[in-house]
Amino acid sequence: MQFNAQYTQLASKLYHHQKPHPLLNPQAGHFNHALADELKFNGDWVALCSGQQTFDEFEPLAMVYAGHQFGQWAGQLGDGRGLLIAQVLNTHGKTIDLHLKGAGKTPYSRMGDGRAVLRSVIREYLAGHALNSLGVASSNALGFTSSRQGVQREKLEPGAMMLRTSDCHIRLGHFEWINQYAPELLADFTQKCIEWHYPHLLDSASPTIDFARGVIERTAQMVANWQLVGFAHGVMNTDNLNITGSTLDFGPFGFMERFRPDWQNNHSDHSKRYTYQKQPSIAKWNLWVWVNNLRPLVDDEQTLLATIEHFEPTFLKYYQNGLAQKMGLPSFHKDSFDCGLEFLQLLQKEQLDYTQSFWRLQQQEYTAIQHDCIDQTSFEKFITRYHAIREHQDVSALQANMKNPRYILRNHMAQKAIEHAECEDFSEVDRLFKLLANPFTVQPELEQPSDLLTNEPALAISCSS
Ligand code: AMP
Ligand code: MG
């Protein structure tokens, strides 16, 4: 592996060096070979993913940050159970963070035990992999291990450790911590963020303002992609969003099954702050909090704060184009977006499965959709309009451009893999890993009928992890 230790160039106030507390008698869970190749890793992955081995080239560290949680200022947070254990260059020359989750207590653990449970590790492991395969910017993971050593949550659960990879672990909340506790570090920290993650802006006339715009645009694109694949993050606190717009810190996330805009997967979110339909506005709220942290760096505050106005048009551009592509409609046609929304209204009214319905549309199985509709008039109205838009278009080109997954990580699929893994059988994790590696392709040899089934009743997923 080729190391590129960047984070330790920052002021030492921003992190705390510390070693992982290894898992007792770790057991191999799952390993991502393709990712290992990309990172040029060929060592003992079980030792690495259980905290038994670290690298001589990088001294592990916990980052400090702060954040707004559920809309409230939460003060100092930080890596309470994770450690940055390396930064390496991948085969594309990109710097990737290796972050060990569940690595034990740190000075930022507050009341927590520093551990992660097998249940949440498997969910994050498979979800990161699923999003990457769906083309949504996200963290991923090299592998995970488990242990019989119990971790107490609502009940005693098997502990686990996961080696997460991400292009960036700098959160919006890093800026909040600096402004609150060490404002003298803001200029240098921002400069480093630009250098590492937005290097094309280094020569800009107003790098801070362009950096703000860049973070806003990438976050808007990420959230548009979440909406398009039906992903709900579940805990969009400012400490769980990074500055490169790649999905981070999966908690009670979910992939939507029946199309319900007000669907929430996080049952601990009593105020319904993080429902599927609120994700764009919450992202904008978080970015507004964040952008205000850059004020000390600019003379022209008005222009800085106006960057937030880029959020909506950027989100809409990606969402509208993406929806047209999912529908197999031309993005330039004036009726395409409305027709896409009409389809969504139909799904909502009929409580149809989001992923299955788009898959059927792509397969031109229109009668299968119709068959599931009670309100035939609305279906007829939609399908007439749909065909009318496509009538004078190159339908085969539109069909070829459609990109709808057959497979998503449904809660019940993850749950089954977890239940097997808790009995030390990781074969279901492996099956899902392979299935979700190619979500757009029918895989008869791997697929089970339940992979396509809408889950009823829904599983209750909480914040506890
Ligand atoms: P989250 O919203 O799950 O990303 O976590 C919010 C904060 O709580 C972060 O600072 C985490 O590092 C910390 N945290 C979560 N779980 C634990 C735990 N079991 N032990 C220590 N800190 C934790
Ligand atoms: Mg977090």
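How many bridges join β7 and strand β8 (residues 95-101)? Here are my notes on this predicted model, starting with that one.

1. The count is 7: β7 and β8 pair over 7 bridges, running in the antiparallel sense. One spot to look at is Ala-86, which stands opposite Leu-98 in β8. The two strands make a hairpin with 5 residues between them.

2. Strand β1 (residues 2-3) pairs with β7 in the antiparallel sense, over 2 bridges. There, Phe-3 has Val-88 of β7 as its bridge partner. Now see how β7 (residues 82-89) sits: 8 of its 8 residues are buried, so the strand is largely enclosed by the rest of the structure.

3. Next, the domains. Domain 1 covers 2-166 and domain 2 covers 329-401. Their C-alpha centres are 42 Å apart.

4. On to the largest nonpolar core, which has 140 residues; Phe-211 and Trp-290 touch the most other members. Helix α6 (residues 207-229) gives the largest share, 12 residues. Both domain 1 and domain 2 give residues to this core, so it lies between them. If you zoom in on Phe-211, leaving out residues up to four places away in sequence, you'll find it touching Trp-290, along with others including Phe-175, Tyr-198 and Leu-294.

5. Last, have a look at Gly-322 in helix α9 (residues 311-327). Gly-322 counts as buried because its relative accessible area is 12%, and the cut-off for buried is under 20%. Gly-322 and Leu-228 are 94 residues apart in sequence, yet their C-alpha atoms are 6.8 Å apart in space.

Technical notes. Residues numbered from 1 in each chain as written. Chains lettered and ligands numbered in written order. Predicted model: local features only at pLDDT ≥ 70, side-chain atom pairs only at ≥ 80, totals over all residues. Heavy atoms only, no water. Domains from an automatic or database assignment. Helix = DSSP H or I, 4+ residues; strand = E, 2+ residues; numbered from the N terminus. Buried < 20%, exposed > 50% of the residue type's maximum accessible area, 1.4 Å probe, protein only. Core = buried A, V, L, I, M, F, W, Y, C linked by side-chain atoms within 4.5 Å. Contact = heavy atoms within 4.5 Å. Pairing = 2+ DSSP bridges.
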